[in-house]
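Student: I am new to this structure and would be grateful for a close look at a single chain. Please describe how it is built and how it meets its neighbour.

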Amino acid sequence: MKKLLLLASYVVSTVLFVIFSYGFVDKNLVLSNNPLYLGLHGWLSALAFNERPLVTGIYLVFLVIFFVLYAWAYRMTKRRELRGRDIILTVAVTYGILVFAYSLVSYDIFNYMTTAKMLFTHHENPYIVMPIEIPNEASLAFTRAANKVALYGPTWLLLSGIPHVLGFGNVWLTMISFKLFVTLWLIGGLYLIYKVTHQWQAVILFGLNPLILIEIVVSGHNDIVMMVLALLGLHLLQKSSVVDKLIGWKALALSILVKGATAVLIVPLLLKLKGNKLYRMSFWLLFAVFIIFTPLREELYPWYAVWFFLFAVVMPSDIAWFEQGLTIAFSIGLELRNLPYMFMGYYAGPGPTLRTLLTVVPVGLYVVWSLRMKRNSLWNGKKT
Amino acid sequence: MVSAVILLFLGTFFLHNNVFASYVLPYPSYMPGNKLYRLSRLIDTFNKYWYFGNIAQVKYHLGLSDKYLVEAKTLFDYNQYLLAIDALHRSSDQFAAIMPNVLTAEQSGDDMTQFRSEIQEASIAHKTVITTLLQTTPNEFLWQPERASATRLYIHNELSTALSIQ
């Protein structure tokens with residue numbers, strides 16, 4: 001009964017979220033001329049762009065629901081109330097619905113689509129030619145960062161040809177195709193997590209986290225491709241077979257050629273670390289890149305948390321409880337970062353301060369709580 | 001005061017029509033004799049494959065045309081006429097290779113208005129350099145290397161040909 005209730009809750013909340021997301025469709029982008037769609041979109045768009053406090057509240061409610069369901073699913077898995085088959089069904093249904101959502105909190109997917117179009121339709125080198133240099137390119141109307149050459153490595157660029165072709169030149173179909181492609185990588189990642197840990201808890205911890213749902217399944221960020229290749233690489237490099245090691249290095253090299261962040265993983269490999277020590281160091285190195293270098297370049301983007309999240313869940317909870325808790329606290333704080341823009345409609349002004357506060361508060365609360373827990377356990381340990 | 005503000009306001013609408021960003025040629029790159037010159041030329045050759053696509057090819061040929069013209073001008077300034085004419089030939093060849101790519105891009109549906117305007121500006125900048133060279137160089141020059149036969153260089157003819165290609 002509980003299993004069904006959980007599944008039904010996910011179905012209802014994700015379906016509503018998908019409908020809600022179409023209010024945020026770019027005003028220059030007409031996804032369909034169907035009167036039903038146009039009517040519904042007109043109403044949703046007015047809500048999204050004119051009723052900002054209300055829409056921010058609705059988004060916050062969705063976040064709360066997703067986090068509550070996440071905690072519930074995790075607890076049920078821990079108590080063995082959810083078995084493997086139930087977990088697969090819940091994840092498949094959730095992804096299957098959310099993949100149809102509009103990318104409401106990030107425009108990166110349109111950047112992927114336009115870059116792929118530059119290479120596979122215009123046959124131009126996207127590292128040399130910017131989309132904006134073809135003024136009559138239709139996707140310029142809804143692509144941000146069109147005044148930049150390709151931002152991602154050749155692995156992603158070549159892989160993006162698959163969803164580009166499957167989009168058949170239709171914007172909506174291409175968007176869904178890109179999201180589906182990235183979601184398939186996520187499913188591959190979940191399989192790998194299970195293969196490494198043999199724990200369904202780890203699968204739930206990663207696969208149903210709202211940050212993963214929103215940043216990967218809804219927004220279609222390619223960071224998951226980089227991380228799945230990195231985990232595959234590290235996993236295979238620990239095996240004794242030469243073939244496995246060779247494939248492992250290739251996977252790691254391909255991962256580095258998606259975005260570059262996983263280049264730091266060469267350090268623990270050079271130190272010949274294995275098992276949880278390897279994963280722990282990988283976690284902290286990628287966390288350091290996230291917390292130190294990304295704000296120097298731009299800012300703390302929520303989807304960058306995927307980098308260290310994957311390594312947090314492949315370690316057993318009893319030894320990596322702090323890392324896992326920290327990641328979940330970050331996932332809350334980072335998803336809250338979308339609220340100021342949704343509320344105000346612009347990034348500047350109090351936006352940066354609010355975004356920092358919304359991230360720092362949940363993480364800070366978690367760190368204080370975990371330090372107290374550790375002190376109490378030490379204190380109790382001394383007494384006994 | 002009010003009239004000054006009105007004038008300034010109107011000026012923003014009308015005066016800007018006469019203002020345009022002039023095309024800037026690059027600084028001279030490695031020159032013949034430098035250890036890295038051959039490497040630089042080799043990279044130029046390989047870049048042809050990296051700059052695939054019609055628009056990228058336009059950028060490639062225009063960039064090299066600029067680079068070799070600046071190389072030619074520097075060599076003319078130092079009276080290195082033989083090398084200068086070779087660089088001038090290369091610059092002209094690269095410039096001539098631009099338009100076929102523009103046309104192919106247009107045939108495939110790409111709006112090349114911006115590039116056409118950029119090429120026109122580049123052409124004006126190139127013509128200015130070549131015209132200046134016509135005024136500062138001798139009409140002909142007998143290039144006499146120490147251990148080889150002499151070569152008569154028809155400098156003005158070469159410059160005029162380069163001018164006609166622009």
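Tutor: A residue is called buried if 20 or more other C-beta atoms, placed from the backbone, lie within 10 Å of its own; it is exposed if 12 or fewer do, and partly exposed in between. By that count, 29% of the 166 residues of chain B are buried. This is a predicted model, in which local features need pLDDT of at least 70 and side-chain atom pairs count only at pLDDT 80 or more, while totals for chains, interfaces and linings use all residues. Residues are numbered from 1 along each chain as its sequence is written, and chains are lettered from A and ligands numbered from 1 in the order in which they are written.

Chain B holds 7 helices and 2 strands, where helices (H or I, at least four residues) and strands (E, at least two) are DSSP runs numbered from the N terminus. Read from that end, the order of the elements in chain B is α-α-α-α-α-α-β-β-α. Two residues are in contact if their C-beta atoms, placed from the backbone, lie within 7 Å. Taking the contacts in chain B between residues at least 6 apart in sequence, 61% link residues at least 24 apart.

Towards its neighbour, chain B places 10 residues in contact with 10 residues of chain A. The greatest contribution to this side of chain B comes from helix α3 (residues 54-77) of chain B, which supplies 3 residues. Sorted by class, the side of chain B that touches chain A consists of 5 nonpolar, 2 polar and 3 charged residues. Here Ala, Val, Leu, Ile, Met, Phe, Trp, Tyr, Cys and Pro count as nonpolar, Asp, Glu, Lys and Arg as charged, and the others, Gly among them, as polar.
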